[in-house]
Amino acid sequence: MAERSFAREVQDLRLGAGDVFEGEGILAITKALLQCGVGYVAGYQGAPISHLMDVLADAQDILGELGVHFESSASEATAAATLAASVMYPIRGAVTFKSTVGTNVAADALANLASGGVTGGALVIVGEDYGEGSSIMQERSHAFAMKSQIWLLDPRPNLPSIVKAFEDGFALSEASSTPVMLGVRIRACHVTGSFVAKDNRRPAFTLADALNNPRRDTGRIVLPPASYLHEKEKVEKRWPAAVEFIKTHKLNELFGDERADVGIVLQGGMYNSVIRALSLLGLADTYGTTRVPLYVMNVTYPLIDDELVAFARNKRAILVVEEGQPAYIEPAIHAILRKAHIETAVFGKGPLPAAGEYTTGILLDGIRAFVAENARTMLRNDVRIPDAKPVLEHPAVKALAQVVPARPPGFCTGCPERPIFSALKLVEKELGVHHVAADIGCHLFSINAPFNIGTTTMGYGLGTASASAFNVSANKRSIAIMGDGGFWHNGLTSGIGNAVFNKSDGLTLIVDNHYSAATGGQDILSSRAGNENRQTNAPIARAVKGVGVEWVREIDRTYDVGRMRDTIREALTTPVKGPKVIVASSECMLNRQRRERPLIQSAIKRGQRVVRQRFGVDEDLCTGDHACIRLSGCPSLSVKHTGDPLKLDPVASIDQSCVGCGNCGEVADAAVLCPSFYRADIVHNPNWFDRLLARVRGSVIGRLTARRDRQRLVFPV
Amino acid sequence: MGQVPHRDLSSDRPITVAIVAMGGQGGGVLADWIAGVGRTHGYCVQATSVPGVAQRTGATIYYLELIKRQSGLMPVLALMPTTGDVDIVIASELMEAGRAILRGLVTPDKTLLIASAQRAFAISEKEKPGDGIADSGAVYEANAVAARRHIVADFARVAENAGSVISASLLGALAASGGLPFERTAFEQAIRDGGLGVEASLKAFARAYDLVRASPQRVITPTASAALGLPSLPSSVGVAALDQLLGRIRGELPVEAHSMALVGIKHLVDYQDTDYAQQYLTVLRGISEIDRAHVGSATGFLLTIETARHLARAMAYDDVIRVADLKTRTTRARRVSTEAAIVPERQILQTTEFFHPRLDEVCATLPAGLGAAIERRPRLFKLLDRVVNRGRRIRTNTIFGFMQLHLIAGRKSKRRGTLRHGREMAHIDAWLDDVRRYAVFNPALAKEVVMARRLIKGYSDTIARGQSKFDKVVIGAQRVAHRTDAAQWVKRLHLAALADENGDTLDGALKTLATLGPQPQTDGNSAAHCTPEATV
């Protein structure tokens, strides 16, 4: 079950022609797919398109009614290969994943798909994880489009434009026999807005039709001699067809008065920010009226030479707004204009920075510099241009920079991965620091304080693979971390299988939280919950043993820090040769709470006996050393000043958000910290036996404490 | 080329709102409510957020733009805030308000800042072995400079008291601020339309609304956490044994130190008995006399006050008896019950304590002769440790579990004979010997050596680590004792010792110290060499 449910929102997918759809970008994308008569959809979750996968999963019924097949793919490579269904058959298909990391994984399938070409429209929806909030290396999907000759759409970030891009994308794909990549940026996925809906369309030709009437054509298979012909076909047939289609259907847009001296060429996705920057400079308004003409490339690959030449001719200078590096569009425009013997100056990287997200503030500075150099008279003096620099220069604000602490993301309250790293830190205290190869997933938060564990991260599921080189004799073994998501994505073969085959001696710690948790708690093969549409409950340990690992330990309660520590220590010190694998399993607390909390609350309301746990700290006993925090980092374990003049340092304190996972007590025990922690078991709706027992205990204990209280001399003030 | 004809550009501008929050605080809910209010009142609203791992407890941002709907016109709204162009910033935590200011989202010509005053400490603040809490005062000062208007109050508490979450109280504050052109009822309707936890949300909304309306320029200024309220010395408490202690404080100590000495004897009477408090006063009196003889009165008797503080802590060392005592008191049971929010008729509380005694602690609590005898026999020690040294979960709500601790607590009367007691007293003597010696020629140094005692705290490994750091500082103090800047050096060592767990910063500072000559060349030079300064 995913972290966020769209059960209510997906009902909007049934809207018909003329209805106004209001909602989030990802829902609009789903609706657009249905309006385009898509036959199948597949993908792999990851921000910013995780929620698109969740919407599709929650829309299973509606998809079923329309005869649309939906798969949660094992990886992005699987998703991309799924598009093979559109090679021979006139079926529209769409796949989605996070980019560029997902595109990296999918690259093999995409290249093969693009070589042979497609019959039915094939759309690759890439969530561009670039800029603020991104969790990956900062790269561009543009290069993939160019290298495999896949057309790249980058629509203006409003719902009508995005929805139109889907219709255009399928049609373009079919007109040019080429797959089309459609990029949506982080914020566009979650932008809210509205558009006028159309009726959903059932696919005219279904997957069942294809299975019943298979077709083949060796000319479409990537093998010589066809592969040589594909390359020719790409430039001789498909490219001109695409250019023709884009021109005829006016996929790119022009805004503003074309007679101006200067103009801006921009990626569609930058449109809103460019308009805002222009309007803050007094050169445009909030409704898109602009004095600086804009050539908006909703298609960023291929470039349409004629359109660019027409736009640039008769202008003194143009500015190319192309986010990310390296620049591909700007040098291409240079080349196009030179070939056409047009002397218009081309600016881009220069007034605008070479790297980094183009925020409105950065665009404002860049556009102002560009206009000031090339059309100074356009700039007005009566416009108040927002400027935070003076306030940022103020001493009181500058002083703040030393005060405000960094707040990187970390393990949630009660996270089952925390005790794994508490244990690992304890083992490192005994056996010394080890080389730890980290992976992608929530467990990567271990690299930050307080754990400070993990040296490299080479890609999803590649934790063990990235420790491969350390397969030599030494005093210490390598440690690799891998999540359950990464394990099924590829880690079983790339990491575990590889370690067996190469007789590695290292340890792999598989963090099994029952979901693909970092991406929003989607089900995977080893998920424990039943799922109507998917097969789950495949044990990771069995798979690991199946590929030949002999030394396997399963820990089914990660919160048992002592056992966790002992098992890790054993793995690092055992004389047994060969790969060691520890599968540490406990359910993602975020999902568990979401599942259990309503059940518990309703049980308490119904009068059932329920025991809930939470932890506390005896503030009289805590001395404020915070060793417990350095082994935990739990958001609910914080500090507070007691007001006791004898205690200068704040003591540990557990707030109401504690979910009673037990890590505090386990760590205090395993690390021999202090006796300050206690666990409170709260028995709701106690039965008669509970009450009787509590009464008997209470009276004995009460009498004992009362007697001692009487003996104690106490200051009455 | 001819000039471009000037069509009139519209001067309409959207209202821009940024919500800065931590993942999981409900910033998304607040954004949805605001968007709902706008949409039902003739506004085009665009809301965006940054999804992904940022929402796992890290700092994150939600952004909205609202503009009056005009027929036939489609506004082009931005997907991210522009620095210097944000009308309203809502911060769900104080340091997040500071972060918004540092990002340039809050500017004096434009921005209404609504911030909740509560703190959620970052790991970097919590993990320090000492007090790593960031200075909230800096945020208040920056608020006053950066915002056009700022409203700061503990909206988290307002929400909690109403049984709701902070998004509801922040919406109430926003409604009351007048920052958006909508009536109170419009905001309340948005909560109702949301359909989740409506009653509690409305209650929190109303309380925050009233709070802000009562004083629209509301700023809850922070009370400095260091300014702790010290009790004043009463003339009598009606118990002869205690009154005698009070009399001694009055008669033997400078008036400046009375309050701290009172805190000290209260602590020690509670810890042991009145005799123990008498012993404390005798030692303290000795220090105060040296203090008086030198610069004491000029410095407000800081040496005596700090000795009163740290000596009380040192004498009340945390041993097994103390732990058992504190865990078995009526007051403790009451506090745990309050913290767990127990409703007596409907809930029963059970408590489990986490102990992990080692033989070291057990030996320390034995009579000195016996304890030392075991310690002298490594093989026996190892054998016994194997029996003792393991985690024990003691259920103090059961009679058996309670009795175990109750009996240990009862050994209080035997404490003076334990191995640990002898060692603690010897350690205190050595420490105070240094203090007395320094007090004669450098009272400031003496005071710093007193204060370094703060490093000794905790249990098992923690206290061992603290002790070793303390010892290093004391040796450092001996090395620089005859320099005029000795006090500053000890203070630097002390703070360096608190900077990290393993004492790496302290070791670095000691290395620097080892390179020093007998006297500072010039003030500037010695400061420039001083690495720990940067970590202070």
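## Helix α22 of chain A

The model is predicted. In α22(A), Met589(A), Leu590(A) and Asn591(A) are buried. The helix covers residues 589–605 of chain A. At 1.5 Å a residue, its 17 residues should span 24 Å, and the end C-alpha atoms lie 23 Å apart, which agrees.

α22(A) is not straight throughout: a bend of about 30° falls at Glu596(A). A proline, Pro598(A), follows within four residues. After the helix comes Gly607(A), with a positive phi near 90°.

## Where chain B meets chain A

On chain B, 122 residues are in contact with 111 residues of chain A. Strand β7 (residues 347–355) of chain B supplies the largest share of chain B's side, nine residues. By type, that side divides into 60 nonpolar, 34 polar and 28 charged residues.

## Nonpolar cores

In soluble globular proteins, nonpolar side chains tend to be buried together. Here the largest nonpolar core has 306 residues. Trp151(A), Val274(A) and Val89(B) have the most contacts inside it. Helix α6 (residues 166–177) of chain B gives the most to this core, with eight residues.

Leaving aside neighbours within four places in sequence, Trp151(A) is in contact with residues including Leu172(A), Val180(A), Met181(A), Val299(A) and Tyr301(A).

Definitions and conventions:
Residues are numbered from 1 along each chain as its sequence is written. Chains are lettered from A and ligands numbered from 1 in the order in which they are written. This is a predicted model: local features need pLDDT of at least 70, side-chain atom pairs count only at pLDDT 80 or more; totals for chains, interfaces and linings use all residues. Helices (H or I, at least four residues) and strands (E, at least two) are DSSP runs, numbered from the N terminus. The expected span of a helix is 1.5 Å times one less than its number of residues. The bend at a residue is the angle between axes fitted to the seven residues ending there and the seven starting there. A residue is buried if 20 or more other C-beta atoms lie within 10 Å of its own, exposed if 12 or fewer, and partly exposed in between; C-beta atoms are placed from the backbone. Two residues are in contact if their C-beta atoms, placed from the backbone, lie within 7 Å. Ala, Val, Leu, Ile, Met, Phe, Trp, Tyr, Cys and Pro count as nonpolar, Asp, Glu, Lys and Arg as charged, and the others, Gly among them, as polar. A nonpolar core is a set of buried Ala, Val, Leu, Ile, Met, Phe, Trp, Tyr and Cys residues joined through C-beta atoms within 7 Å.
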